[in-house]
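Have the structure open as you read.

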Amino acid sequence: MQRAYNFSSGPSCLPMAVIEEAQQSLRNWQGCGASVMEITYHEDAFRELMHTCEADLRALLHIPPEYKVLFMQGGARGQFSMVPLNLLGQKKSADYLQTGLWSEMAFAEGKRYADMRQVATGAPQHYTSIPPVSEWRCSEDAAYFHYVDNETVHGNEMPSIVGVQSAPLVCDMSSNLLTRVFDIQKFALIYAAAQKTLGISGITLVVIKADLLGKAHPMTPMICNYTRHAHPKGLLLQTPPTFAWYITSLVLAWAKKQGGVAALEDACGQKSQKLYRYLDASSLYYNRVDPKYRSRINVVFRLQDHTLMPLFLEKAKQAGFLGLKGHAASGGIRASLYPALSPSAVDALIDFLKDFEKRA
Ligand SMILES: *Cc1c(COP(=O)(O)O)cnc(C)c1O
């Protein structure tokens with residue numbers, strides 16, 4: 001059985017080199033006589049893995065020492081609660097920008113903890129555009145400003161870092177971390193669930209500026225408290241998801257080998273431009289997102305004749321494509337072009353789309 005052309009939105013494809021190395025190490029990892037899944041995390045080899053993983057991430061994102069790197073659990077949605085629990089402090093509210101499904105969910109969860117405010121929303125345009133900065137209503141006294149850099153379901157992406165000065169900047173980068181160069185020092189906190197660009201599900205990355213620690217609500221569960229996770233000696237609070245952490249370490253090593261974030265950004269730009277160029281020229285497929293805000297990672301598109309959808313999905317499956325069905329909240333088709341997806345998969349997709357268009 002051949003490997004599929006994997007356009008899944010998350011969990012998503014891993015680099016082949018990562019799969020092969022993980023497979024090789026399953027019997028005997030690092031001379032331990034067991035796999036990484038079967039040993040205690042107190043073993044030196046695992047300590048070393050944690051250390052290297054953080055060092056590689058710091059190198060890739062140029063993270064300075066005044067930021068803490070935390071490897072947590074609970075996914076990105078866990079962060080929707082942990083961010084308010086840890087960052088509200090004495091403040092009564094925080095600002096949320098609404099650009100798609102994930103920022104809606106972050107806002108809804110945040111509202112369970114405080115009277116959060118919506119800065120602006122792209123909902124009336126079905127998130128095919130992002131309200132311009134001139135229309136944002138930022139509060140004076142917000143604990144933080146939250147946004148989602150790349151909306152995985154609606155296929156839009158911020159063209160550049162949000163320049164908000166009104167409050168510490170918090171960003172969900174679950175679906176585009178490692179795909180573009182940015183200045184971490186503009187942020188108070190960024191987070192990303194690993195299963196899109198950093199590995200597999202089970203581990204969640206949080207990078208937080210250390211001066212924001214120490215403000216958690218007293219009822220914050222210990223396991224959700226950033227300050228407890230940021231222990232100076234790197235003590236772990238619970239059994240970590242060891243295999244997920246291992247895969248992330250392999251993905252980061254792979255990313256470095258590719259030439260780092262700048263090289264991955266370049267590759268993502270090429271893949272998405274090629275696909276958008278084809279879709280824009282086609283008379284069967286269309287993408288409604290304002291070109292200024294189109295995601296370079298999650299390309300959403302539809303068929304002019306939507307009755308052809310079941311046939312399209314069936315033919316795509318037969319031709320070896322995986323994960324092209326759009327999210328239930330938006331429908332249509334979605335091709336996720338994460339860094340691990342090879343450019344040849346995009347070429348194969350375009351050939352398939354052309355062929356389907358010819359027969360339709
Ligand atoms: C996938 C995704 C989430 C949800 O992540 P979970 O790990 O399933 O909680 C949140 N935000 C964004 C931007 C995502 O792409």
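Predicted model: local features only at pLDDT ≥ 70, side-chain atom pairs only at ≥ 80, totals over all residues.

- Strand E9 (residues 189-193) runs antiparallel to strand E10 (residues 204-209), and 5 bridges join the two.
- Both belong to an open sheet of 7 strands, ordered E2-E10-E9-E8-E5-E3-E4, with mixed pairing.
- At the edges are strand E2 (67-72) and strand E4 (117-121), each of which pairs on one side only.
- On average, neighbouring strands of this sheet are turned by 15° against each other, direction ignored.
- Helix H4 (residues 101-110) packs on the sheet, where it touches strand E3 (95-98), E4 and strand E5 (145-148). The direction of H4 makes about 150° with that of E3.

**Around the ligand**
- The ligand is surrounded by 14 residues, and the closest are Arg77, Thr152, Asp172, Gln195 and Lys196.
- Helix H3 (residues 75-87) supplies the largest share of this shell, with 4 residues.
- By type, the shell holds 5 nonpolar, 6 polar and 3 charged residues.

**Polar contacts and cover**
- Thr152 places a polar side-chain atom 2.4 Å from an oxygen atom of the ligand.
- For Lys196, an N or O atom in the side chain is 2.7 Å from a ligand oxygen atom.
- Arg77 takes part through its backbone: a polar atom there is 2.8 Å from an oxygen atom of the ligand.
- On its own the ligand has 390 Å² of accessible area, and the protein covers 86% of that.

Methods. Residues numbered from 1 in each chain as written. Heavy atoms only, no water. Pairing = 2+ DSSP bridges. Axes fitted to C-alpha atoms, helices over the stretch in contact; angles between N-to-C directions. Contact = heavy atoms within 4.5 Å. Near = heavy atom within 4 Å. Polar contact = N/O pair within 3.5 Å; in protein donor to acceptor, adjacent residues only side chain to side chain. Areas by Shrake-Rupley, 256 points an atom, 1.4 Å probe, with all protein chains shown as cover. Nonpolar A, V, L, I, M, F, W, Y, C, P; charged D, E, K, R; others polar.
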